[in-house]
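Me: I am new to this structure and would like to learn how to read its features one at a time. Could you take me through them, giving the general idea before each case?

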Amino acid sequence: MTDARSSRSGTIDVGPHWLFLVILAGLGMVGPFSIDTMFPAFARMGAEWGVSELALQQVVSTYLLAFAVMSLVHGPLSDALGRKPVILAGTVLYIGASIGCALATGLPMLLAFRALQGLSAGAGSIISRAMVRDVFADAQAQRTMSHVAMIFGLAPAVAPVAGGLMLGWGGWRGIFWALAVIGAVLLALVLFFMPETHPADRRSPLDVRRLLGDMGGVWRNPHGRRLAFTAMFNNGAMFLYISSAQLMVVNLLGLGETDFWVLFVPLISGMVIGSWASGRMAGRLSGSRLATLGYRISLSAAAVNLVLNLVPATRGLPWTVLPLPVLTFGIALAFPVLTLAMLDLFPQSRGSASSVQNFVALLGNTVISAAVAPALGFSLIALAGGSLVLLTAGWLLWSRHRKVAPPVPQPPQDAAAYEPLEDL
């Protein structure tokens with residue numbers, strides 16, 4: 001396993017490979033961890049401020065909407081200014097926003113700082129994907145993306161459990177103080193141990209019109225749009241359950257504020273194992289075949305999930321959650337391939353490509369959180385059916401992409417180490 005790869009400017013030394021992966025994974029964990037830690041606190045926040053569960057759902061959707069909008073900026077900025085400065089600035093802002101949330105005196109103030117938190121949390125998770133492709137090539141890039149996904153895939157499982165424990169330590173405000181501490185740790189790791197992976201000679205000029213043009217070019221490319229929506233539907237099939245956690249765990253399953261692990265452990269265990277398997281299969285199966293296999297597995301699990309929830313005898317624990325690890329296993333197999341396929345379409349503007357793909361995915365998550373989850377969260381059958389519909393849409397788009405996608409752009413002559421993912 002190599003620690004660096006050649007680039008136009010020479011060799012990028014990332015230091016110890018394990019530390020580079022840990023930092024990348026930590027940056028990616030911030031986004032989902034900041035969402036899921038809040039679910040156990042909804043009841044106490046509602047009681048303190050006299051607001052409904054539906055109103056508190058805005059704590060999630062406001063964060064996601066801000067995250068989505070700013071995701072269009074982080075990637076292009078990192079193409080122009082370098083990866084590290086943008087991550088550092090975003091992390092500082094994230095720490096301040098988390099402190100503001102902890103000090104909030106009402107829901108409007110909390111929503112304002114949650115929006116600020118969302119604006120800043122995406123810097124690490126979006127740019128870290130571009131950094132993987134800056135440093136690693138071909139199967140190594142897929143393995144690294146899979147390893148990173150495996151590590152930060154633990155965040156949604158740990159977050160609600162940790163949030164429930166924090167309620168007993170410092171109330172719901174203690175959750176935000178903990179997020180500020182996590183931000184400070186990441187700030188130190190990036191500042192002292194994270195290398196710059198996008199050298200000055202490969203950066204785009206800091207020109208707003210050009211940056212907008214790069215994103216516009218990604219969006220106007222039909223293959224880029226298709227991959228963006230494919231990733232959105234793929235992720236949305238799992239996020240529907242994540243955003244419905246409060247409704248499902250408390251209302252439908254009749255459990256308490258410390259019982260979110262019942263849903264999240266099955267969801268994320270499949271995601272982690274699938275990410276590990278995707279890394280192991282990199283270089284053995286082409287990316288196209290691996291993603292197709294992932295879709296077949298996840299679609300089969302989603303169909304079984306719907307059938308189990310349609311039968312009264314199996315509509316409840318443990319049957320309700322048994323298919324979920326298999327569903328997320330398949331989603332995780334496809335995730336690195338969909339991400340790298342998007343980056344490989346636009347090798348000269350990977351930050352913009354990552355931003356557009358993330359924006360579409362996050363916008364989809366916002367709609368799911370604000371509208372789809374409340375609409376379907378009244379029924380286990382409706383949730384299972386909604387997840388199957390989202391996966392089917394992603395599969396249809398992926399099948400179309402496999403048929404019409406152009407050859408991956410070849411590297412420039414002076415970037416000999418650039419080896420795009422095959423069969424995409």
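Reply: Let us begin with a term: a salt bridge is a side-chain nitrogen of Lys or Arg within 4 Å of a carboxyl oxygen of Asp or Glu. Please keep in mind that this is a predicted model, in which local features need pLDDT of at least 70 and side-chain atom pairs count only at pLDDT 80 or more, while totals for chains, interfaces and linings use all residues. Residues are numbered from 1 along each chain as its sequence is written, and side-chain values use heavy atoms, with hydrogens and water left out.

Me: How many salt bridges does the structure hold?

Reply: There are two salt bridges. In one of them Arg173 pairs with Glu48, with the closest N and O atoms 3.2 Å apart. Because Arg173 lies in helix α8 and Glu48 in helix α2, the pair ties together parts that are 125 residues apart in sequence; helices here are DSSP runs (H or I, at least four residues), numbered from the N terminus. The other joins the side chains of Arg83 and Asp79, at 2.8 Å from N to O.

Me: Are Arg83 and Asp79 buried or exposed?

Reply: The general idea is that buried means under 20% relative accessible area, exposed over 50%, and partly exposed in between, using a 1.4 Å probe and protein chains only. Arg83 and Asp79 are both buried, whereas Arg173 is partly exposed at 25% relative accessibility and Glu48 is partly exposed at 43%.

Me: Where does Ser275 lie, and what does its side chain reach?

Reply: Ser275 is in helix α12 and counts as buried, at 1% relative accessibility. The side chain of Ser275 reaches the backbone oxygen of Met271 at 2.9 Å.

Terms used. Helices (H or I, at least four residues) and strands (E, at least two) are DSSP runs, numbered from the N terminus. A polar contact is a pair of N or O atoms within 3.5 Å; within protein, one must be able to donate a hydrogen and the other to accept it, and residues adjacent in sequence count only if both atoms are side-chain atoms.
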